[in-house]
Amino acid sequence: MHIEVRGLNKKFGDFQAVADVDFEIEKGQLIGLLGPSGGGKTSILRMLAGLETVDDGDIVFHGKRVNDLPPQERGIGFVFQNYALFKHMTVAENIAFGLEVKKWSKQKIKERVAELVDLTGLSGFEKRYPHQLSGGQRQRVAFARALAPEPQLLLLDEPFAAIDAKIRHELRSWLREMIDRLGITSIFVTHDQDEAIEVADQIMIINKGRLEQKGTPWEIYKNPESPFVASFIGESTIIEDVSALRGFGGSGELPGTKALIRPEYVEIGKEHDFELLSATETGRVRHIHFRGSEWLVEVQIGAAKLVTYRSLEKEILQPGDEVRVLIHRAYLFNDTNSWVMENKLKEDPMPVHI
Amino acid sequence: MSSMLQGRWWSWGFRSTVMLYFIVLIIFPIIGIYGQSFSSGWAAFADNITEPLAWKAVLLTVKLALIATVINMFIGTMSAWVLIRYRFPGRRLLNSLVDLPFALPTAVAGLMILLLLGPRSSVGGLAEKLGFTILFHQPAIVIAMVFVTFPFVIRAVQPLLEEMDSSEEEAAYTLGATKAATFWKVILPSMLPGILSGAMLAFSRGLAEFGAVVLVAGNIPGKTLIASVYIFGEIESDNAIGATAVSVLLLTFSFLILWTVNYVQMRRKNG
């Protein structure tokens, strides 16, 4: 289903939960609504479902305005954060519920339930009650139940929040695969950036009720359009006075410009590791942390403290070691503007021609 | 080591005390009643139990307690629903008033009904004009029973309604269920165990009611004489065997109900 949202607004009392949100979603896409808790993601999802009224703006499904349609008539499936399975019904009865209220024939219901049980890998559990299932299984029942009446749009509210880390990974890729196979337009809410980056075709970053940016995970990482997006996606350190850093002098001509530097923008090493020492800073290692597959190194340069990763293959640094630090780029922003700046000294200032 | 021993002694002593309490206060009296009722032999027991007035009293009690229970199942479920789902001024006060019938001496409840529904009161007068009398007739007994057993269903349904997540209802809506279908298929089944176990307790309490009923029933043997008042009358006229025979009937009935309540609750827990 093609979805269009225009000028969406929602207030709870004095609290502006959603403010002027516009977006469009192509058929068959998997969209991640990402943002901090209480940012309005779930409100947007619930308005799409018809579980919350719209204060202002339009929701258009397939060219038809659906603002005034109740949830029963929107042709959606909704997977709740706590699954909201019917406790007094078995797995099969849960899945069949939406078909029974739509008065499908007994035979068709039986076939559809069997099909979904098969699809979600719940064979053998049809007669169990929700409290006899694990978290991951409940999640799949909720998914099967939402899909049973063949919805045009699947909405998932924090679908993996209540599941432990290991199974969450499996379920994520399972969900991705399933949605690809069914080709159903889907929107899911999450506050976990890894989840959004891994699963979604497109991410919408929602903060304080506003849509900050919409794009593929790569676009959002590479070209964050606002300081909030830049700091929300990936890890980063904020540097107050960027002109003090070598290679970035002259960028501080505007007062109040700050820099956001990601660990992956920073390279550290001994003097012999760099060809252009002039582009590097001298720093001192403050702490090192073992991160399982790499070192996380905190390095002090003057007043600024930066964080970076270092391969386990390289020489092990110790706290207190003096190192050279090369900052490849920084994301600069002030009150009115934001842009990415490369290290100016990285280009050899005096190429030697032989 | 010593603390373990102490702990074991402590728990042994604790369990023994509870068991003793249970035996002295519950088991002994019950055995006493069963023993007393058969003390003059099976024939005397059979005589007393087949006495038409005794039979009629027991049947009448069961019938009226059933009517009162059904009324409470509806009113109680609705009251629980209103108290949990709606927000209105005075809700807390109303909620605490629900327990009033438990706290009030039942004779006071009987007196209240007597004053409220008597032929000279407005309600009693209205009923009189419509051609029936409440006081000293069966309706008065049902009203007294409904009053004293009022809290059971409400208090059994409330926690179930409270723990029910609104997302279950919303899930039903997104699956295409109307509000009515959602109520019948999702909400009511969640409340049902509470309604049933509350009704069972209300029923057995209704069977046993004395204080409120004795004031309003009129106690005409064979017409408005209920079992507990019958027992009282038998004791007054020095027929202990007759009293215990009816007691045994009521007691056995109550046991059956308690077991059923337990069974319903166990099934609820084990799904």
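# Reading a predicted two-chain model

Me: How do you know that the length of helix 3 of chain A agrees with its 14 residues?
Reply: This is a predicted model. Helix 3 of chain A covers residues 106-119. At 1.5 Å a residue, its 14 residues should span 20 Å. The end C-alpha atoms are 20 Å apart, so the two values agree.

Me: Which residues of helix 3 of chain A are called buried?
Reply: They are A:Ile109, A:Arg112, A:Val113, A:Leu116 and A:Val117. A residue is buried if 20 or more other C-beta atoms lie within 10 Å of its own.

Me: What puts them on the same side of helix 3 of chain A?
Reply: They cover an arc of only 135° around the axis, which puts them on the same side. An α-helix has 3.6 residues a turn, so residues three or four places apart point the same way.

Me: What does the face turned away from the buried side of helix 3 of chain A carry?
Reply: That face carries A:Gln107, A:Lys108 and A:Asp118. They are exposed. The cut-off for that word is 12 or fewer other C-beta atoms within 10 Å.

Me: What covers the buried residues of helix 3 of chain A?
Reply: The cover includes helix 2 and helix 4 (135-147) of chain A. After helix 3 comes A:Gly121, whose phi is positive, near 65°.

Me: Why is helix 1 of chain A called largely enclosed?
Reply: Helix 1 covers residues 41-49. Nine of its nine residues are buried, so the rest of the structure largely encloses helix 1. Among them are A:Lys41, A:Ile44, A:Arg46 and A:Leu48. Just after helix 1 of chain A, A:Gly50 takes a positive phi of about 85°.

Me: What makes strand 14 and strand 15 of chain A a pair?
Reply: Pairing needs at least two bridges. Strand 14 and strand 15 (residues 295-301) have six, in the antiparallel sense. A:Val285 stands opposite A:Val299 in strand 15 of chain A. The two strands form a hairpin with four residues between them. In the turn, A:Gly292 has a positive phi of about 90°.

Me: How do you know that strand 14 of chain A also pairs with strand 17 of chain A?
Reply: Four bridges join strand 14 (residues 281-290) to strand 17 (residues 322-327). The cut-off is at least two. These strands run antiparallel. Here A:Arg284 stands opposite A:Glu322 in strand 17.

Me: Where are the domains of chain A, and how many residues of domain 1 are in contact with domain 2?
Reply: Chain A is divided into domain 1 (3-232) and domain 2 (237-342). Their C-alpha centres lie 39 Å apart. Five residues of domain 1 are in contact with four residues of domain 2. The domain 1 side divides into three nonpolar, two polar and no charged.

Me: Where are the domains of chain B?
Reply: The domain assignment gives domain 1 (1-37) and domain 2 (41-270) of chain B. Over C-alpha atoms, 32 Å separate their centres. Five residues of domain 1 of chain B are in contact with eight residues of domain 2.

Me: How many residues does each chain give to the contact between chain A and chain B?
Reply: Chain A gives 22 residues and chain B gives 16. On the chain A side, strand 6 (76-79) and helix 2 (91-101) are the elements that give two or more. That side divides into twelve nonpolar, seven polar and three charged residues.

Technical notes: Residues are numbered from 1 along each chain as its sequence is written. Chains are lettered from A and ligands numbered from 1 in the order in which they are written. This is a predicted model: local features need pLDDT of at least 70, side-chain atom pairs count only at pLDDT 80 or more; totals for chains, interfaces and linings use all residues. Domain bounds come from an automatic or database domain assignment. Two residues are in contact if their C-beta atoms, placed from the backbone, lie within 7 Å. Ala, Val, Leu, Ile, Met, Phe, Trp, Tyr, Cys and Pro count as nonpolar, Asp, Glu, Lys and Arg as charged, and the others, Gly among them, as polar. The expected span of a helix is 1.5 Å times one less than its number of residues. The arc is that of the directions from the helix axis to the C-beta atoms.
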